Amino acid sequence: MGDDRSIAVDEPAAVHYDDEERPARELRGHVGTGVAVVAAGAGVRTLWQVFRPLAQGSQFYLIIFLALTLPLVFLAYKGRNNSGRKPTVTDWILGGAAVVACLYPVNPFTGGYDGFLDRQALLEPVDVAFGAVLLVLVVEAARRTTGLALPIVCVAFLAYGYYGGLLPQNWPIAHAGLDFAQIVDALYNSGSGFYGTPLDVAATYIVLFTIYGAVLDLSGASRFFVDLSVAAFRRSRSAAGRTAVAAGFLLGTVSGSGTATAVSVGAVTWPMLRRAGYPPEQAGGMLAAAGVGAILSPPTLGAAAFIVAEYLDVSYLTVLGWAMIPTLLYYLGILLAVEIDVRRFGVRAVDMPATSAWRLLARFGYHFSSLILIVVLLAIGVSATRAVVYATLLAVVLSFLDRNARLSPVRLFTALAAGVRGVLPVVAVCAAAGVITAITTKTGLGAQLASLLVNGAQAVTGNPDVVLALTVVLAAVALSVLGLAVPVTASFIIGWVIIGPALLGLGVGAPAAAMFVFYYSVLSEVTPPTALAAVGASAITGGRTMPTMWQALKYALPAFLAPIAFVLTDRGEYLLARGPIGGILWTTAAAGLAVLGLAVATGGWVPGVGRAGVPSRILGAIAGLLLLYLDPVAFGIGVAALAMSAVLAAVTKNRIKKTVNGGPACDES
C-alpha cells in the first residue's frame, strides 16, 4: 500500500496454510489461466444467483455449482505428493468425469432435470452408475484436499448403511439395511446427500465470503490490519504480544481460516516476538490461539457458523450475536496470558516503528467500512448473501483510494478466481459430508447414537443434573477426538447429527447445543496431537511442534470451558446474549473472573500481585471452574477462592522480599 504507512518490520515470506486443505498446486501457463477463468466464472454465477436465482430451484443451482468446482479440485490438488506441479492425465480424466457425472441429472437425453427428479426412489441402472461415479469422485476430492481421515469416515458410514441389516437386530444401531441403489438415490437425487445443506451453504454464503476476503486482501486491507496492530501498541512493553493477538483478530476478518491467519500473522510478528524475548514455543502457541480466534470472532466466523444458521433456521446476524460474549472471553484469556508471559519470561520492549495508529486510521481506516456495512445491513434485515455482495462492491470502490491497491478489471478477476479457489476444499468437505448426513437420515443413526450417549451417562447415575454433566463431558471428548481426524466443517456436521440430538433430548436449548458443537469443532485446531494452527505457527517460529501445541492449548483454555457453561447451567445461554440484560451482564462478569482464575492457574502469575505458587494456582483453577458454573452460591465461593489465591501470592512475594533483606523484589507485578 502507500509508502506513508509502510511499517519496517522483518517479513519472511508468508506460508500459505489453510485449516480445511492440503497444499494446492500453483498452476501456471494455460492450465492456470483456464482454471482461473472457470473459477471466476463460478464466482460470477454465484453472485448472479443472489439477485437472479435459477427458476429450477436451489438444487439445480447446486448441480451447476458442483459441476464448475469439483473438476477444479482434481486439477488444483495433487493425487499424490510426488505427482508434479502440472495436472496428470489421471487428473484430467477425473476432472472430465466430474463434469459428466455432475451434469448428468440435467442432460436432456434422459428427460432432463424434471425427469431425473421424477425417478426419485426409482432410479434406473444408468442413474445408479453415474451416481456411483460421482460418489467415488467426491470421496477422492475429499482425500486430496483434507487427507485420508474424512474419506475413511465416509466409507465407514457407507458400509454401515449397506451392511447395517446384517447386525443383530437387538443392537440399538441395527437397521433394515439399504441396497446400493437406495444409497445412491439418497446421495444423488435428494436434498440430504451431495446437494444437502452443507453444500448449499458452501455454494452461497461461504463462497461469497471467500470472494469478499480475497477482494479485501488485494485491496490492501490485510496489510493495513497488521500495520495498525503494530502501531497501536508500539509504546507498551507488551507490544509484541498484543500486536500478534490484535493482528490475528483483524486479519481473521479477511481469511476466515485459523491456520492461515496464524501463519500470516506469524510471518510478520515473529521477528518482533523473538526480539522481545519470547521462546519459540510460547510465541507459536500465542499465534495459533490468536489465529483460531479468527474462526470464533464476528463479523466473519468460520464456515461452520453459516451451517449453524441454516440448521437452526435463524439469521446469520443472530449467530453473530451468540458469538459476541464468548469471543470477548476468548480474547480476554489470551490477553491475560500475554501480560502474564511478559512477566514470567522477562519479555523486554522492542523498538517499534514510529508510525502513528491515528495517522493510519485517518488514511486507511476506510477498510473497516465494508465490515461495518455487513453488520448494518444484517441488522436492518438484508440477507447475509446480499449483505456480503454489497460489502464486496464497497471494498472494490474504496480500493481506488489507494493507488497501489486499486482493483482494476484484471485484479478483480484475480480476486474472483482466488475466492472460488479458496473455497474448493470446503466444497469437497461439504459434498463428502453429504454422505454422512444422508446415511444418518436414512438409517436414523443420529437418534440411536444420541440415545447410546445418554444411556451411558444414565448407567452411572439417575440424577438428571449429573446425567447432563456426564453427557456434556462425553460429548466434549467425542467432539475433540473427532476434530483430530476431520476438518472443522465436517466435524461440526457430524457432531451436530450425532451429539446435537443427545443434548436436545436432555433439555438443552438448540442455540446452546449448536454453539457447543461449533466451538468444540473449531477448537480441534489447537488440540494436540494434530493441532494444525499450532503446526503452522511452529513452522514459522522454528519451535518444537508438540510443546507449541500445549502452549496453544493453554492460551485457548477459556474457549474449552465456556461452551460447557452454555449447556450445563440454567444461566448458560446468557453467555450467548439470550436472556435479560441484568442476567447477561452478571454472567459475563462472572465468566470474566473465571477466565482470570484460569489464567492464574495456567500462567502461574496473579496480575497486579506476582508469581503464584502451587496453592495459588490450585485456588485459581477452583475459582475458574466455580465461577463458570454461573450459580450465585458458586459465584461467592469462586470469588473467595480467587481472592485467597491473590492473598497467597502477595504473602509469597513479601517473603521473597524479606529473604533478600529488603532488596529489589524478584518478581514484578
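1. **Ground rules.** Because the model is predicted, local features need pLDDT of at least 70 and side-chain atom pairs count only at pLDDT 80 or more, while totals for chains, interfaces and linings use all residues. Residues are numbered from 1 along each chain as its sequence is written, and side-chain values use heavy atoms, with hydrogens and water left out.

2. **Helix 12 with helix 24.** The axes of helix 12 (residues 280–296) and helix 24 (residues 545–555) come within 7 Å and cross at roughly 50°. That makes helix 12 oblique to helix 24; angles under 35 degrees count as roughly parallel, over 145 as roughly antiparallel, 65 to 115 as roughly perpendicular and the rest as oblique. Axes are lines fitted to C-alpha atoms, for helices over the stretch in contact, with angles from 0 to 180 degrees between N-to-C directions. Helices here are DSSP runs (H or I, at least four residues), numbered from the N terminus.

3. **What meets there.** On the helix 12 side, Glu281, Gln282 and Met286 are among the residues in contact, and helix 24 brings in residues including Pro547, Lys554 and Tyr555 (contact means heavy atoms within 4.5 Å). By class, this contact of helix 12 with helix 24 has six nonpolar, five polar and two charged residues.

4. **Helix 21 with helix 22.** Helix 21 (residues 488–505) and helix 22 (residues 510–522) pack at about 145°, their axes 9 Å apart. Among the residues meeting are Phe492, Trp496 and Ile499 in helix 21, and Phe516, Val517 and Phe518 in helix 22. By class, the contact of helix 21 with helix 22 has 13 nonpolar, three polar and no charged residues.

5. **The cores.** The largest nonpolar core has 220 residues, and Leu70, Tyr278, Met515, Phe516 and Phe518 have the most contacts inside it. Its largest share, 18 residues, comes from helix 18 (residues 409–443). A core is a set of buried Ala, Val, Leu, Ile, Met, Phe, Trp, Tyr and Cys residues joined through side-chain atoms within 4.5 Å. A second, separate core of five residues includes Val600, Val606, Val609 and Ala649.

6. **Two positive phi values.** Ala121, though not a glycine, has a positive phi of about 70° and sits in the loop between helix 4 (112–118) and helix 5 (125–146). Ala121 counts as exposed because its relative accessibility is 61%. Ala577 has phi near 60°, in the loop between helix 25 (557–568) and helix 26 (581–603); at 39% relative accessibility, Ala577 counts as partly exposed. Buried means under 20% relative accessible area, exposed over 50%, and partly exposed in between (1.4 Å probe, protein chains only).

How values were computed
Ala, Val, Leu, Ile, Met, Phe, Trp, Tyr, Cys and Pro count as nonpolar, Asp, Glu, Lys and Arg as charged, and the others, Gly among them, as polar.
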